[in-house]
Amino acid sequence: MNSEVQYRYLFGPVPSRRLGLSLGVDLNPAKVCTENCVFCQVGRTTALTLERNEWVPTADVLAEFDRWAAAGHQADVVTLSGSGEPTMHARFGDVLRHVKAAGRFKTAILSNGTLMFLPEVRRDAAEADVVKVTLSAWDEESFRKIHRPAEGATFARLLEGERALRAEFRGQLWVEVMLLPGYNDAPEQVRAIAELAKSLRPDAVHLNTTTRPALAGVEVPRLPEAWLRTVAPWFAPAAEIPVFAGRAKTPEATTDAEWLDLLARHPIALDALATACGADVPALERRLAPLVAAGQLAVEEHHGVRMVRVAGA
Ligand code: SF4
């Protein structure tokens, strides 16, 4: 029998670079969420609400977990995540406590942060070893545009909740920043997000961009890896970026038109661009030299970092 069909609320375990082998627990029916993010990879939110409820039966989730653990399966961490915002489940704290009582697993929760303004949500979230919250906006308008939240969810509340969590939580607080072309990727926007992220005193910052087709009905292309590498040091601590499965083409294999297209939006740090291409800086510069000589690209220094951009952009 296929073991995958035996479980309704558990998924994986899947290897996670940051968490180790992670068993997922999904406490939301698809698709109940406090947000309807343009980049969502689960799909369009059909029940957009801040309502907290026992969206799936806690007893069934715990029984399933016990069955999984009794079968001798291995995982490093049990992670509440899945088809929506896990803190919407009124008893997610009981799930964390139950998993911890099993004694073998660390616990994590991946939250969008919208309900952290509620003291009872923060208290239960603090049961986890790791809490990851999202911060991809810098003001109310950008928050609404990117996350399309339920009525009652505001950027001010998000920030207030995430800051309060930091003040109370002794475990690892990670902040995820999802950067999207045309929404929040301009240098001044990223700097504004970085400034706010700093105020959360996170243990780690993870930069991300869309890696799979978004399923929420909005076409959002992914950002070039080199731009993520360029902005990563703007965060404190410096942001980590995902491992990209397919590397960018080598400098030699990239056409002139592709270079101009890649660099059209932002100036990108030469060393970040070289890393993304799997090349060294001199090799990259040799490849770009004809475009610089033709006046199509310019290399300039900003704050001690050498950046390349489309000339006149
Ligand atoms: S990305 Fe997360 S928070 Fe946003 S709609 Fe999807 S499940 Fe909800």
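**Entry 1: L135.** I looked up L135 and found it buried, at a relative accessible area of 0%; buried means under 20% relative accessible area, exposed over 50%, and partly exposed in between, with a 1.4 Å probe and protein chains only. The model is a predicted one: local features need pLDDT of at least 70, side-chain atom pairs count only at pLDDT 80 or more, and totals for chains, interfaces and linings use all residues. Residue numbers run from 1 along each chain as its sequence is written, and side-chain values use heavy atoms, with hydrogens and water left out.

I placed L135 in the loop between strand 7 (130-134) and helix 4. Helices (H or I, at least four residues) and strands (E, at least two) are DSSP runs, numbered from the N terminus. I then listed what L135 touches, leaving aside neighbours within four places in sequence: F155, L158, L159, E162, V175, E176, V177, I193, L196, A197 and L200. Contact here means heavy atoms within 4.5 Å. I also took the C-alpha to C-alpha distance from L135 to R17, which is 20 Å for a separation of 118 residues in sequence.

**Entry 2: ligand shell.** Which residues are around the ligand? I noted K31, C33, E35, N36, C37, F39, C40, T45, G84 and N112, where a residue is near a molecule if one of its heavy atoms lies within 4 Å of it. By class, the shell divides into four nonpolar, four polar and two charged residues. The classes put Ala, Val, Leu, Ile, Met, Phe, Trp, Tyr, Cys and Pro as nonpolar, Asp, Glu, Lys and Arg as charged, and the others, Gly among them, as polar.

C37 is buried at 11% relative accessible area, and C40 is buried at 12%. I then counted disulfides, taken as pairs of cysteine sulfur atoms within 2.5 Å, and the count came to zero.

**Entry 3: backbone.** Most residues other than glycine have a negative phi, and most peptide bonds are trans. I looked for departures from both.

The bond joining G12 and P13 is cis, with omega about 5°; P13 is found in strand 1 (residues 10-16). The bond from A236 to P237 is also cis, with omega near -5°, and P237 is in the loop between helix 7 (225-231) and helix 8 (256-262).

For phi, R148 has a positive value near 45°. R148 is in the loop between helix 4 (140-147) and helix 5 (155-168) and is partly exposed, at 25% relative accessibility. R201 also has a positive phi, about 45°, and is found in the loop between helix 6 (187-198) and strand 9 (204-208). Is R201 buried or exposed? I read a relative accessible area of 54%, so R201 is exposed.

**Entry 4: whole protein.** I counted 10 helices and 12 strands. Along the principal axes, the C-alpha atoms fill a box of roughly 70 × 45 × 35 Å. Of the 313 residues, 51% count as buried. Among contacts between residues at least 6 apart in sequence, 72% join residues at least 24 apart.
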